[in-house]
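Please open the model in the viewer and keep the selection panel at hand. The stops below proceed from one residue to its surroundings and then to the whole chain.

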Amino acid sequence: MRILMLGSAAILLSGCSFLGIGGSKNDYTNYNPQTGYYGQKQVVNRAPTQCNTGNCLARWNLEGGVGPSFNVGKNIITSGRTNNVAGTDFNSISFDDAYERGVRAELGGSYALSPNRKVTLLGHYEQADSNGSQDWGTIDGEQLTGALSDYEAWGAELGLRQYFKPMNGVVLNSVRPYVEGRAGVSRVNDIGVQNTQLGGATFSATEVPLYRNSWVGTAAGLVGVETPLTRYSTIGLETGIRYQGGLKSDTSVLGAGTALGGLNNNRGRVSVPVTLRGRYRF
């Protein structure tokens, strides 16, 4: 439900003008192709200081986006960090193997420092379903299997976005590329192992705790393009790479000296988001 609500907000930000995607430069007042900014018409009953030239700078922007997030690096099950208990032979399991493709939604705002530079602050929610039972390796020659609980996280990131000169497109009249760097924090919900079996028999009737609720640092490098939809709204497509810090191990069951100890020593996660983004400037 939260993904649906945030996704709907992102679509609304686009101005609901899909029939005129890209727009015509003649539709905008005093369009400046060098900066990508527009003048604003003087409106009756509005304060006389209202900008009505081609040098208007819309300082405040409402932004939102939604799209898939692909896991591309790091292991959530770490066989190389186990206690090497005799009779055990474990496998490492990557985030990509453990989880289906995730969905990430963002909502927040930005502030223009100059015509080509913005500070952004965006809250996010991310979710990925478990890929089901995984092969964890063997204990005394018997196969150990189990499924991780779903991945769920939320948080916020602060960023700096740099725009480049708008370009004329083949389909779209104006395309404006940008790059952005972000840093922030994310709260990852606890993760456990469900339906664990050893040699086809139940190994644990309850969920085995793997990672505790964790506040982790995040950093992202992003690239994207925007195109105007209406005088005050744009729509864009964005991608890049995001790093998330390591999760906090839960050692209540997988403690030192146990057969499974050390399998939950994750040191980070790397993902690639692809986001359809909307922006409305005031």
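Select Arg-161 first: this residue is buried because its relative accessibility is 0% (buried means under 20% relative accessible area, exposed over 50%, partly exposed in between, with a 1.4 Å probe and protein chains only). Arg-161 lies in strand E9; helices (H or I, at least four residues) and strands (E, at least two) are DSSP runs numbered from the N terminus. This is a predicted model, in which local features need pLDDT of at least 70 and side-chain atom pairs count only at pLDDT 80 or more, while totals for chains, interfaces and linings use all residues. Residues are numbered from 1 along each chain as its sequence is written, and side-chain values use heavy atoms, with hydrogens and water left out.

Apart from neighbours within four places in sequence, the residues in contact with Arg-161 include Glu-63, Asn-116, Tyr-178, Glu-226 and Arg-279, where contact means heavy atoms within 4.5 Å.

Next, select Ala-128, in strand E6 (residues 117-128). Ala-128 has a relative accessible area of 5% and is therefore buried. Beyond residues up to four places away in sequence, Ala-128 touches Tyr-99, Glu-100, Gly-102, Asp-150 and Tyr-151. Ala-153 is 25 residues from Ala-128 in sequence, and their C-alpha atoms are 9.3 Å apart.

Proceed to the largest nonpolar core, which has 26 residues (a set of buried Ala, Val, Leu, Ile, Met, Phe, Trp, Tyr and Cys residues joined through side-chain atoms within 4.5 Å). Ile-76, Tyr-99, Trp-136, Leu-148, Ile-191 and Leu-210 have the most contacts inside this core. Among the elements that each supply at least two of its residues are helix H2 (95-98), strand E7 (134-139) and strand E9 (151-163). Centre the view on Leu-210, whose contacts beyond four places in sequence include Ile-77, Trp-136, Ser-249 and Asn-264.

Then select Tyr-280, in strand E16 (residues 269-281). Is Tyr-280 buried or partly exposed? Tyr-280 counts as partly exposed because its relative accessibility is 31%.

Of its 282 residues, 45% are buried.
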